[in-house]
Amino acid sequence: LIIGLEGDTPAKIEANIKKLRDIPFSVYDVCMLRPYPGTELYREMVKKGSTVPRWWIHPEPHETNSMLPGYLRIYFSHPHISAIELQCCATRFIDRLNRIRVGDALRILKVGFTARAPLFALRMLAGRAAVSWRARQWNHALVKFNNVEPPRMEHERIPLATLRMVR
């Protein structure tokens with residue numbers, strides 16, 4: 001999933017999160033928009049001044065959190081969202097889509113047991129939980145160090161009894 005398209009706004013990103021929550025995926029991969037050379041998007045963004053030619057050899061042009069991984073770095077100007085806010089939206093997107101709900105856990109475990117691969121299913125759950133946890137930590141760092149309004153998060157936890165029932 002790509003964050004940072006020209007039409008993106010915080011409200012649209014939030015609406016996309018709500019829609020995508022109901023689509024069963026193992027792990028959601030979220031990246032920041034990259035205007036690659038040779039593409040129409042790159043030519044348009046350079047023409048508008050939204051990015052600089054050969055952006056990959058320049059330092060980030062915006063005040064962003066350099067602690068985040070490269071796929072969440074921003075090398076363009078967005079018309080509606082500041083760079084820091086865009087990073088907050090991306091980390092919130094990653095966290096909320098990869099957070100494990102009871103139904104997700106049961107579905108993944110059921111598939112794992114049906115395929116006689118319960119260890120794989122448990123690793124998938126652990127990986128997804130780690131992705132969500134890491135995104136939450138990045139988001140807290142962004143909010144703390146950049147004085148950005150903290151996003152409201154919906155908290156969902158898997159009751160331990162539910163996991164025991166699946167065994």
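**Close-up views of a predicted model**

**View 1. Helices H1 and H3 meet side by side.** Pro10, Ile13, Glu14, Asn16, Ile17 and Leu20 of H1 touch Cys89, Arg92, Phe93, Arg96 and Leu97 of H3, where contact means heavy atoms within 4.5 Å. This is a predicted model, in which local features need pLDDT of at least 70 and side-chain atom pairs count only at pLDDT 80 or more, while totals for chains, interfaces and linings use all residues. Residues are numbered from 1 along each chain as its sequence is written, and side-chain values use heavy atoms, with hydrogens and water left out. Helices (H or I, at least four residues) and strands (E, at least two) are DSSP runs, numbered from the N terminus.

**View 2. The geometry of the H1 and H3 pair.** H1 (residues 10-20) packs against H3 at an angle of about 10°, and the two axes are 10 Å apart. The axes are lines fitted to C-alpha atoms, for helices over the stretch in contact, with angles from 0 to 180 degrees between N-to-C directions. H1 is therefore roughly parallel to H3, a term for angles under 35 degrees. The crossing of H1 past H3 is right-handed, which is to say that the near helix is turned clockwise from the far one by less than a right angle.

**View 3. Cys88 and Cys89, two cysteines without a disulfide.** Counting a disulfide as a pair of cysteine sulfur atoms within 2.5 Å, the model has zero disulfides. For Cys88, the nearest cysteine sulfur is that of Cys89, 7.2 Å away. Likewise, Cys89 is in no disulfide, and its nearest cysteine sulfur belongs to Cys88. Cys88 is buried at a relative accessible area of 4%, and Cys89 is buried too, at 4%; buried means under 20% relative accessible area (1.4 Å probe, protein chains only). Cys88 sits in helix H3 (residues 83-98). Its C-alpha is 8.9 Å from that of His140, although 52 residues separate Cys88 and His140 in sequence.

**View 4. Arg34 and its surroundings.** Look for Arg34 in the loop between strand S2 (31-32) and helix H2 (40-48). Arg34 is buried, with a relative accessible area of 16%. A polar atom of the Arg34 side chain lies 2.8 Å from the backbone oxygen of Arg73. Beyond its neighbours within four places in sequence, Arg34 is in contact with Leu41, Trp55, Gly70, Tyr71, Leu72, Arg73 and Tyr75.

Terms used. Buried means under 20% relative accessible area, exposed over 50%, partly exposed in between (1.4 Å probe, protein chains only). A polar contact is a pair of N or O atoms within 3.5 Å; within protein, one must be able to donate a hydrogen and the other to accept it, and residues adjacent in sequence count only if both atoms are side-chain atoms. Angles under 35 degrees count as roughly parallel, over 145 as roughly antiparallel, 65 to 115 as roughly perpendicular and the rest as oblique.
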